[in-house]
Amino acid sequence: MIKNIIRCAFIFLIVSCSNEKTDESQIVEKAAKNTESNFPIKRLSNSQDILDGIYAEYIKNHKDLQNIESEVSDIQNDKQLVTKIYNDVIGNSEDYYKSAEYRAKSIRDSATKKEILSLIRNSKQNYFVKIKRMDDLKREINQNYFEIYNWHNVFKIRKTLGEIEKYQNAHPLETDSLENFIRKQENIINKLKTLK
């Protein structure tokens with residue numbers, strides 16, 4: 001009995017939905033009146049953030065902004081290269097000192113072992129004094145990297161806020177079509193409730 005009711009309800013729902021397709025497409029069209037916009041809002045790829053998509057469209061007509069984008073991109077990419085070179089040199093030096101200390105500890109003659117470990121320790125301390133200034137500069141480079149990122153986002157938001165507002169004004173949403181759709185849903189709910 002319950003299976004028959006569910007089957008009937010399902011068939012009724014399918015038939016109702018197939019008959020209402022033209023009305024539903026009109027409802028959607030009514031919900032987005034004035035679809036003509038002078039600024040195309042779209043994502044340029046599936047993974048692109050909408051803000052970045054708007055900004056990318058916006059700067060297409062602004063050569064000066066394209067130049068700024070190029071500068072920002074270049075400096076942020078160069079930061080990666082500069083810090084990689086720095087980190088490679090530091091990493092290689094640290095690896096050398098670890099290896100040298102490990103090998104020095106295996107020297108059997110205690111006087112020679114003590115002498116070599118002292119030489120390594122002195123060299124390591126001198127090296128770390130030299131790179132102290134580099135560490136400070138690297139920290140400043142990292143701070144500037146995030147500062148550029150932050151101000152770049154501020155700039156992009158300022159440039160795109162007006163565009164999203166223009167888009168919203170060009171695509172006003174009316175509640176009439178949604179309310180009409182809700183009435184149709186409630187009508188089907190009531191029909192399904194009365195089925196026996």
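Read along the sequence, the chain follows the pattern α-α-α-α-α-α, and its tally is 6 helices and 0 strands. Both kinds of element are DSSP runs numbered from the N terminus, with helices (H or I) needing at least four residues and strands (E) at least two. What you have here is a predicted model, in which local features need pLDDT of at least 70, side-chain atom pairs count only at pLDDT 80 or more, and totals for chains, interfaces and linings use all residues. Residues are numbered from 1 along each chain as its sequence is written, and side-chain values use heavy atoms, with hydrogens and water left out.

Let's take the chain as a whole before turning to side chains. Of its 196 residues, 19% count as buried; buried means under 20% relative accessible area, exposed means over 50%, and partly exposed lies in between (1.4 Å probe, protein chains only). The protein chain exposes about 15,400 Å², and carbon and sulfur atoms supply 55% of that area. Accessible areas come from the Shrake-Rupley method with a 1.4 Å probe, and for residues only the protein chains shown count as cover. Among contacts between residues at least 6 apart in sequence, 69% join residues at least 24 apart, where contact means heavy atoms within 4.5 Å.

Now to the charged side chains. A search of the whole structure finds 7 salt bridges, each being a side-chain nitrogen of Lys or Arg within 4 Å of a carboxyl oxygen of Asp or Glu. One of them joins Lys84 and Asp88, at 3.0 Å from N to O. These two residues sit about one helical turn apart, because they are 4 residues apart in helix 4 (residues 63–105). Asp88 is partly exposed, with a relative accessible area of 36%.

A salt bridge also connects Glu101 with Lys124, at 3.7 Å from N to O. This pair links distant parts of the chain, with Glu101 in helix 4 and Lys124 in helix 5 (residues 110–170), 23 residues apart. Lys124 counts as partly exposed, at 26% relative accessibility.

Within helix 5, look for Lys132 and Asp136, which are 4 residues apart and so separated by about one helical turn. Their side chains meet in a salt bridge of 3.0 Å, N to O. Asp136 is partly exposed at 29% relative accessible area, and Lys132 is partly exposed at 45%. Salt bridges that share partners join Lys132, Asp136 and Arg139 into one network.

The aromatic side chains come next. The structure holds 5 aromatic pairs. Rings of Phe, Tyr and Trp (its six-membered ring) pair if their centres lie within 6.5 Å; planes under 30 degrees apart count as stacked, over 60 as edge-to-face and the rest as tilted. Tyr96 and Tyr97 form an edge-to-face pair, 5.6 Å centre to centre with 70° between the planes. Tyr96 counts as exposed at 54% relative accessibility, whereas Tyr97 counts as buried at 9%. Tyr97 also pairs with Tyr127 in a tilted arrangement, 6.3 Å centre to centre with 50° between the planes. That pair links distant parts of the chain, Tyr97 in helix 4 and Tyr127 in helix 5, 30 residues apart. Both Tyr97 and Tyr127 are buried. Together, Tyr96, Tyr97, Tyr127 and Phe128 form one aromatic cluster.

Finally, a charge meets a ring: Lys79 lies over the face of Tyr145, at 4.8 Å from the ring centre. A charge sits over a ring if NZ of Lys or CZ of Arg is within 6 Å of the ring centre and within 35 degrees of the ring normal.
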